[in-house]
Amino acid sequence: MIKPVRPPRKRAAALLAWYDANRRDLPWRARPGEAPDPYAVWLSEIMLQQTTVATVKGYFARFLARWPTVEALAAAPPDEILAAWAGLGYYARARNLHACAVRVAQAHGGRFPQSEEELRALPGLGPYTAAAVAAIAFDAPCAAVDGNVERVMTRLHAIAAPLRAAKPLIRARTEEMLPPARAGDYAQALMDLGATICTPRAPACGACPLAPDCAAFAAGAAEAYPVKAKKAEKPKRRGAIFILRRGDAAMVTRRPPKGLFGGMTAFPATPFTRDVAPGDWLDFAPCAADWRTLPEPVAHVFTHFALQATVFVAKTRKVSPPGVDCRWAAAGDLDKEGLPTLMRKAAARAGLL
């Protein structure tokens, strides 16, 4: 195995010099000479979990305009936060976002704790997010290891173990390069390097400040890393979504507070925690009606399964919607309801959006 030419601190210095010249201009990132805003750093890191920078930018701007401080976010009704989050997916993040804001506002006087350990105790902050907030917001000497950093380190050291098994070694290699100062810039430099130069495919190795030390580059095998175990095929599930119309309104319900789409507005549906056979779909209809199926089901891929949901539509003249937790929502207001992406697909299929 080819070892890096320069010692860890020299590599870190080269990386930071590259970052100073090439850093991305991101709305949550402090400019050179500015102090980072811990609230903006935390909000962006929660949004960026499993989501691209391009998608997050708009949501981040809207959240910050509507709730400019952690106290404002803590005081907001959870339903409003869920509605504003709609489309970002992984909705447990939105519930934890509010819970964390409340904790910071009430238990910490509106100031985020500065240590990685204390940040880990907050709702929704796992090891990576706590380290990233500690390093970026407070310059704490923490190694924040995300997917970009994993890719950089596995290539730099030609780590041949599958990614899951390699994680402890990746962390150790990231920590050994941690500079004595500018921990936040180091974290962001590695992220930027992975996002713009050390990309999954066709990395721009000729522009990389770590190329002289990179074992994968020397072997001409950058794209062979990180080594990933073969993914098991996602289980496929079937289900149904029921859209009951009354004039220009559709019936919506509130999902249970925990679980898939927890606490969000949605159309009635079969359970999505298991495969539901077509012969059982109508057992979950919200009421007896002349239900008809739309020609094509809507497809949606979740983290752990792929779903094909058939959309049923029916009309009624009843003033009161069936079900205690159900209500009528004007079709023109569905955009404001914060429907999850799956439900938006169903609404579009039914001609409501």
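User: What does buried mean for a residue in this predicted model?

Analyst: Buried means under 20% relative accessible area. The model is a predicted one.

User: Why is L210 called buried?

Analyst: The relative accessibility of L210 is 2%. The cut-off is under 20%, so L210 counts as buried. L210 lies in the loop between α11 (183-196) and α12 (215-218).

User: Which residues is L210 in contact with, leaving aside its neighbours within four places in sequence?

Analyst: L210 is in contact with R6, R11, L15, V152, L156, M177 and L193. As for A74, L210 is 136 residues from it in sequence and 42 Å from it in space, C-alpha to C-alpha.

User: Why is H98 called buried?

Analyst: H98 has a relative accessible area of 14%. That value is under 20%, so H98 is buried. H98 belongs to helix α6 (residues 92-107). Not counting residues up to four places away in sequence, H98 touches L73, A74, A76, P78 and I81.

User: What makes strand β2 largely enclosed by the rest of the structure?

Analyst: Strand β2 covers residues 249-254, six residues in total, and five of them are buried, so β2 is largely enclosed.

User: How do you know that β2 pairs with β1, β7 and β3?

Analyst: Two strands pair if there are at least two bridges between them. Two bridges join β1 (residues 236-246) to β2, five join β2 to β7 (residues 326-330), and two join β2 to β3 (residues 265-266). Each count meets the cut-off of at least two, so β2 pairs with β1, β7 and β3. β2 runs antiparallel to β1, to β7 and to β3.

User: What makes a set of residues a nonpolar core, and which residues have the most contacts inside the largest one?

Analyst: A nonpolar core consists of buried nonpolar residues of listed types, among them Ile, Phe and Trp, joined through side-chain atoms within 4.5 Å. The largest has 75 residues, and W42, F63, I241 and F267 have the most contacts inside it. Helix α8 (residues 127-138) gives the most to this core, with nine residues. A second, separate core has 31 residues, including I159, A166, I170 and C198.

User: Which residues does F267 touch, not counting residues up to four places away in sequence?

Analyst: F267 touches I241, F242, I243, A250, M251, V252, T253, L334, L339, M343, A347 and L352.

Notes. Residues are numbered from 1 along each chain as its sequence is written. This is a predicted model: local features need pLDDT of at least 70, side-chain atom pairs count only at pLDDT 80 or more; totals for chains, interfaces and linings use all residues. Side-chain values use heavy atoms; hydrogens and water are left out. Buried means under 20% relative accessible area, exposed over 50%, partly exposed in between (1.4 Å probe, protein chains only). Helices (H or I, at least four residues) and strands (E, at least two) are DSSP runs, numbered from the N terminus. Contact means heavy atoms within 4.5 Å.
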